[in-house]
Amino acid sequence: MDERLRAVLLDRRLMAVMIHLKRANVDYGKSIMKDTKIPLPDVISILDELERRGLVERIDKPVLKNTYAKFKRKHEVRKHHVYYTLSRDGELILRRVERELPNLYAELIVDDEELRSSWTKFINGTAGPSDVSRLERAGLVINGSLSGVGVKVKDLLNSKAK
């Protein structure tokens, strides 16, 4: 599995920022924070990580039109922030995630020893706080229960085990 895809699957916050950028086309940290409810310092570090991985890129234009920056109300906006957009690789990874999410998580659980251990403990009811935290960060567990995706992954893994 591609290391960039693996990172996005293991931290749902990265995926949330990428999904926001797909909807907005172009946006800046504070606006992303308001939409995703992720604290601003975390949004900035996530954007830096996504940029380092080649999944987002900075916009160098001095003026943005609202036809390009979809969440802008004015026709033309002078830049006062650092704006980001998904890179081509980011778009491709997000497209794949949208198409194959439960299968990708199932593959990741089989391949990643730490995640597999946390998953097995959670399913067996013996998960510790760090196991639950790891699964929550990935988006497989919400408030101590399997998320919708987590249920699909469980069903997939159960059907493959038979």
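Modeller: Buried means under 20% relative accessible area, exposed over 50%, and partly exposed in between, with a 1.4 Å probe and protein chains only. This is a predicted model, so local features need pLDDT of at least 70, side-chain atom pairs count only at pLDDT 80 or more, and totals for chains, interfaces and linings use all residues. Residues are numbered from 1 along each chain as its sequence is written, and side-chain values use heavy atoms, with hydrogens and water left out.

Biologist: Which strand is Leu 146 found in?
Modeller: Leu 146 is in strand β7, residues 145-146. Strands (E, at least two residues) and helices (H or I, at least four) are DSSP runs, numbered from the N terminus.

Biologist: What is Leu 146 in contact with, leaving aside neighbours within four places in sequence?
Modeller: Trp 119, Phe 122, Ile 123, Leu 140, Val 141, Val 151 and Lys 154. Contact means heavy atoms within 4.5 Å.

Biologist: And where is Leu 135 relative to Leu 146?
Modeller: Leu 135 is eleven residues away along the chain, and the two C-alpha atoms are separated by 9.0 Å.

Biologist: New topic. How many helices and strands are there in the protein?
Modeller: The protein has eight helices and seven strands.

Biologist: At what angle do α1 and α2 pack?
Modeller: About 100 degrees, with the axes 5 Å apart. Helix α1 covers residues 3-10, and α2 covers residues 12-24. That makes α1 roughly perpendicular to α2. Roughly perpendicular is 65 to 115 degrees; under 35 is roughly parallel, over 145 roughly antiparallel, and the rest oblique. Axes are lines fitted to C-alpha atoms, for helices over the stretch in contact, and angles run from 0 to 180 degrees between N-to-C directions.

Biologist: Which residues meet there?
Modeller: From α1, Ala 7, Val 8, Leu 9 and Leu 10. From α2, Arg 12, Leu 14, Met 15 and Met 18.

Biologist: What about α3 and α4?
Modeller: Helix α3 (residues 29-36) packs with α4 (residues 40-52) at about 115 degrees, with axes 9 Å apart. On the α3 side, the contact uses Gly 29, Lys 30, Ile 32, Met 33 and Thr 36. Leu 40, Val 43, Ile 44 and Leu 47 come from α4.

Biologist: Last one. What share of the protein's residues count as buried?
Modeller: Of its 162 residues, 39%.
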